[in-house]
Amino acid sequence: MSETQVDIPALEAQIAAETAKFNELRLKGLPLDEAKKTLSELKKTLALAKNAGKVKEKKEKPKEISVADGEVKGESKEGKGEGKEEKKKERLLLKTAKGTRDYGPAEMYLRAHIETIIKDCFLLYGGACLDTPVFERKDVLTDKYGEDAKLIFDLMDQGGEQLALRYDHTVPLARYLAMLGGQAPQHKLWQVGKVYRRDNPVMSKGRMREFMQADFDITGVWDPMIPDAELLSLLCTILTKLDVGEFTIKLNHRKILDGIFEVCGVPADKIRSISSAVDKLDKMPWLEVKKEMTEEKGLDPAVADKIGEYVKLKGGPDLLAQLEADATLTANPSAKQGLSDMAILFRLLKAYKVIDK
């Protein structure tokens, strides 16, 4: 009885196409029974074909016995060893690099849907598309990211140039604008593409070494807080169109934070490092942040406690009013300027009708 030969690659491609079709029907709210049945049958056929292939591989090759020389012809121990070595090498080759992953047709369909919404919103807000190289001269990227500079992916010398993979879209944008020589003082530019971080990946939390990033940047001289308000309005529009559900956008102002540090007694040479620790409050509880500030960065525990009284505060316009009533804080020029900026921003956000976000 002859066996039916199954073209596994073709079958896998058919499954991918049917999966994409299934997801499209689901997004449109159309009936899924027929598509689900077809997909199930194809997957079952693929599983049977692969199992049949494994059974064939396990069958031993018949050994030939030569009466003349008494040798058994077949696989030698050395041959088996070489075969294992080749299989080992093959397994290593068939593996994505650390912190990266493949995205199949179904996932790419969803990504394309998300990107279309984001790009349409970028265009709606007057943005122009920009595309920069995925790698830059290393000297362009270095000294731009502070402590995170260690996460830049260096490349070997390429024809006399020291290169590195881009860490984000911001520095390449700055390089692009600098090369224009200030010909157009105001820009709204957006870019969507992959960026790279030499980080310790945690795939389950979405922390990757290669990932997509969407940037919308407003550059040049504008009236105070107008770009900030427009970007926040854009963000709210995107999240609403993506239908992510209820969301809250958290804001801070570097001048207010610097003013808080100065009022609390943080030495000037420690402000940036302490600021870096405070930025981790979204990921770590206050006690761990305080421990980092005091034990790792040498901050006086009493000063850390004063900082804690401020950074644990949360709120919107009501919190702004509370901080504006703090005579000690408003006596600091940096904090006073930051609070003034936030007051303008809240008025603009009210005009954009996103103040409740």
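Where is Met-225 found? In this predicted model, Met-225 sits in the loop between β7 (210-219) and α7 (226-241). The phi angle of Met-225 is near 70 degrees. That value is positive, and the residue is not a glycine. Met-225 has a relative accessible area of 11%, so the residue is buried. The cut-off for buried is under 20%.

Lys-353 also has a positive phi without being a glycine. Here the angle is about 65 degrees. Lys-353 belongs to the segment after α14 (333-352). The relative accessible area of Lys-353 is 71%, so this residue is exposed. Exposed residues have values over 50%.

Asp-258 is part of helix α8 (residues 254-264). This residue counts as buried because its relative accessibility is 13%. Neighbours within four places in sequence are set aside in what follows. Asp-258 is then in contact with Ile-271, Arg-272 and Ser-334.

Two helices, α10 (residues 286-296) and α11 (residues 301-311), pack against each other. The angle of packing is about 145 degrees. The axes of α10 and α11 lie 10 Å apart. The crossing of α10 past α11 is right-handed. On the α10 side, the contact is made by Trp-286, Lys-290, Met-293 and Thr-294. On the α11 side, Pro-301, Ala-304, Asp-305, Ile-307, Gly-308 and Val-311 take part. Of the residues in this contact between α10 and α11, 6 are nonpolar, 2 are polar and 2 are charged.

How values were computed: Residues numbered from 1 in each chain as written. Predicted model: local features only at pLDDT ≥ 70, side-chain atom pairs only at ≥ 80, totals over all residues. Heavy atoms only, no water. Axes fitted to C-alpha atoms, helices over the stretch in contact; angles between N-to-C directions. Helix = DSSP H or I, 4+ residues; strand = E, 2+ residues; numbered from the N terminus. Left-handed = near helix turned anticlockwise from the far one by under 90°. Contact = heavy atoms within 4.5 Å. Nonpolar A, V, L, I, M, F, W, Y, C, P; charged D, E, K, R; others polar. Buried < 20%, exposed > 50% of the residue type's maximum accessible area, 1.4 Å probe, protein only.
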